[in-house]
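Here is a short briefing on aromatic rings, charges over rings and a surface patch. Keep the structure open as you read.

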Amino acid sequence: MTIDNVLDSEVLAQSGEDAQDEGNTLSAAGAPIERNNPLGYKVTLLSSVMLNLGRMLGAGIYSVPGVILNSVGSVGLLFVFWLLAPLFAFGGLMVYSEYASMFPKRSGAEVVYLEQAYPRPKFLVPIMFAVTSVLLSFSATNSIIFAQYALTIFDVPITPERQTIVALAVCAAGMALVALSTKWSLRAVNILTGLKVLSLVFLVFTGALVLGGFTHISDPYANFRSPFSGSTTNPNSLATALVKTNFAFAGWNNAFNVIGEVHTRDPVRTVRKASLLSLLLVACLFFFVNVAYVAAVPKDEIRNSGQLIAALFFQRVYGESFAGKTLPIMVALSCFGNLIAMAVGQTRALREIARQGLLPYPRFFASTKPFGTPLGPVCLKYFLTVFVMVALPARDAFNFLLDLASYPNLVFHVATAIGLWLLRRRRALAGLAPSKYRARHIYVYLYLLSSIFLLIMPWIPPEPGRGDVSFWYATYCVVGLGVLAMCGVYYWLWIIVLPWLGGYTVVEEVERLEDGALTARLTRKYHPSAADTDNGERQPLIAST
């Protein structure tokens, strides 16, 4: 059944009820609210905590400390950056909490927040976010680290071909689980995340043994003397380090992507509490894991370790036999759990983009058939992952993909922070009360300024030997901005030029699918003179079946 947006009485009634339920929410046009979520309500406080932990406890803590130390030059700055990153994440968490309180029935997080914060020019910001999110929604980084450690487990030499094959296989396994069952995906996240937390606790405990003199490490405090010796002041190197630490904490907002599936009485409070608990736990674990690394491994070895700092740590403390088997299993499990947790969150965001009508075949991508899961977004995410892993050189793939995925998102982080002030102003003009989860200005500025810093600083050339890829240091910035520019051209052609040439206006319609899902669809509404030749019928703007 297809109906004009907000003309159908049922949708009007539903929207009115939702407005009352959400505290007189001010809502711009966009994807229709699903009062009964076809994905179900399987997310609890524990699931929310585990989704965040599962997303944060991935390859980052096992792979980026060496890259960070190589960028900043000193142990002191290494620790400073591991303290700064959770502070910036906390500012973002407060921003997200206020947004979520305005739209508690909408999963997808930033998809929804940008859609509502920037309703004009119509479709511009949602299209830019949609195209960027789709193009960068790959799961390559964790798959690559999994492949490296999995090959190590079986004593198989790491070659580009083997790394790519194993990475594609593990990504397929994770995506298949998310596609087949949300319940079992969440259970897998819970189990794997529990194992990951225990693994990091064990690593921290090992570091305490090293510092206490209970191992054969002769001088565990050597790296702590003159901790800021060798520090760099190069802005590019500092920005690179912050990108890497932010990558390790990426996922503090993962539970916001599934807020529409939380079955507690106050989903916003549940997700906010889960995010705070998980961020605090991860911040403590990550800091003390880095203390353990620095206590056991010489500084120069850490700097040259690439993505294998954890392997060096266990080799020096326990010897080749233990490190050769136990550690790779720990890292591989972490990467696999992270891959699943990321897929659960990102596929909800992609589904929300489809419900805005901004993807071809919105019925396919918004539908939850046949397994009650977002099957279409899962398939899209996997095929994009396959493409980037096959297209990029294996030795540069990890660092380049990490940087590339972060840069365009920083633009949207800036827009999200500014958009919060715009929404507050519109709510005040509409006579609506402030959110009970209102973020203090200091938190908004913290989130905003950290994103602006990371946008500007990477353009400054790094010091010799401090770059993290073998090609031009700012390639990822150019590619990221190119993606955004392509989005702008796409919008200009699709929404402005073609309608002007074709004599039609782009309008939204709402469609109810067989599984109860609601999705918007963009169609052409021809002007009276053109409608006479087309019998006044509306035609889909993009393929819909």
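Rings of Phe, Tyr and Trp (its six-membered ring) pair if their centres lie within 6.5 Å; planes under 30 degrees apart count as stacked, over 60 as edge-to-face and the rest as tilted. By this rule the count comes to 24 aromatic pairs. This is a predicted model, where local features need pLDDT of at least 70, side-chain atom pairs count only at pLDDT 80 or more, and totals for chains, interfaces and linings use all residues. Residues are numbered from 1 along each chain as its sequence is written, and side-chain values use heavy atoms, with hydrogens and water left out.

**A stacked pair**

- Phe79 and Phe224 are stacked, at 6.1 Å centre to centre with 20° between the planes.
- This pair links distant parts of the chain, 145 residues apart. Phe79 is in helix H5 (residues 75-102), and Phe224 is in the loop between helix H10 (182-211) and helix H11 (235-249). Helices (H or I, at least four residues) and strands (E, at least two) are DSSP runs, numbered from the N terminus.
- Phe79 counts as buried because its relative accessibility is 12%. Phe224 has a relative accessible area of 26%, so Phe224 is partly exposed. Buried means under 20% relative accessible area, exposed over 50%, and partly exposed in between (1.4 Å probe, protein chains only).

**An edge-to-face pair and a cluster**

- Why is the pair of Tyr96 and Trp252 edge-to-face? The ring centres of Tyr96 and Trp252 are 5.1 Å apart and the planes are at 70°, so the pair gets that label.
- Tyr96 lies in helix H5, while Trp252 lies in the loop between H11 and helix H12 (267-296), 156 residues apart.
- Tyr96 and Trp252 are both buried.
- One aromatic cluster is formed by Tyr96, Tyr99, Tyr113, Trp252, Phe256 and Tyr447.

**Charges over rings**

- A charge sits over a ring if NZ of Lys or CZ of Arg is within 6 Å of the ring centre and within 35 degrees of the ring normal.
- Arg187 has its charged end over the ring of Trp184, 4.5 Å from the centre.
- Arg524 lies over the face of Tyr504, 5.4 Å from the ring centre.

**A nonpolar patch**

- Ile191, Leu195, Leu198, Ile329 and Leu333 make a nonpolar surface patch of about 450 Å². Such patches join nonpolar side chains (Val, Leu, Ile, Met, Phe, Trp, Tyr) within 5 Å, from residues with over 30% relative accessible area and no salt bridge. A salt bridge is a side-chain nitrogen of Lys or Arg within 4 Å of a carboxyl oxygen of Asp or Glu.
- H10 gives the most to the nonpolar patch, with 3 residues.
- Ile329 is in helix H15. Its relative accessible area is 42%, so Ile329 is partly exposed.

Methods
Patches are made of residues with over 30% relative accessible area and no salt bridge: like charges are joined within 9 Å, nonpolar side chains (Val, Leu, Ile, Met, Phe, Trp, Tyr) within 5 Å. Accessible areas come from the Shrake-Rupley method with a 1.4 Å probe; for residues, only the protein chains shown count as cover.
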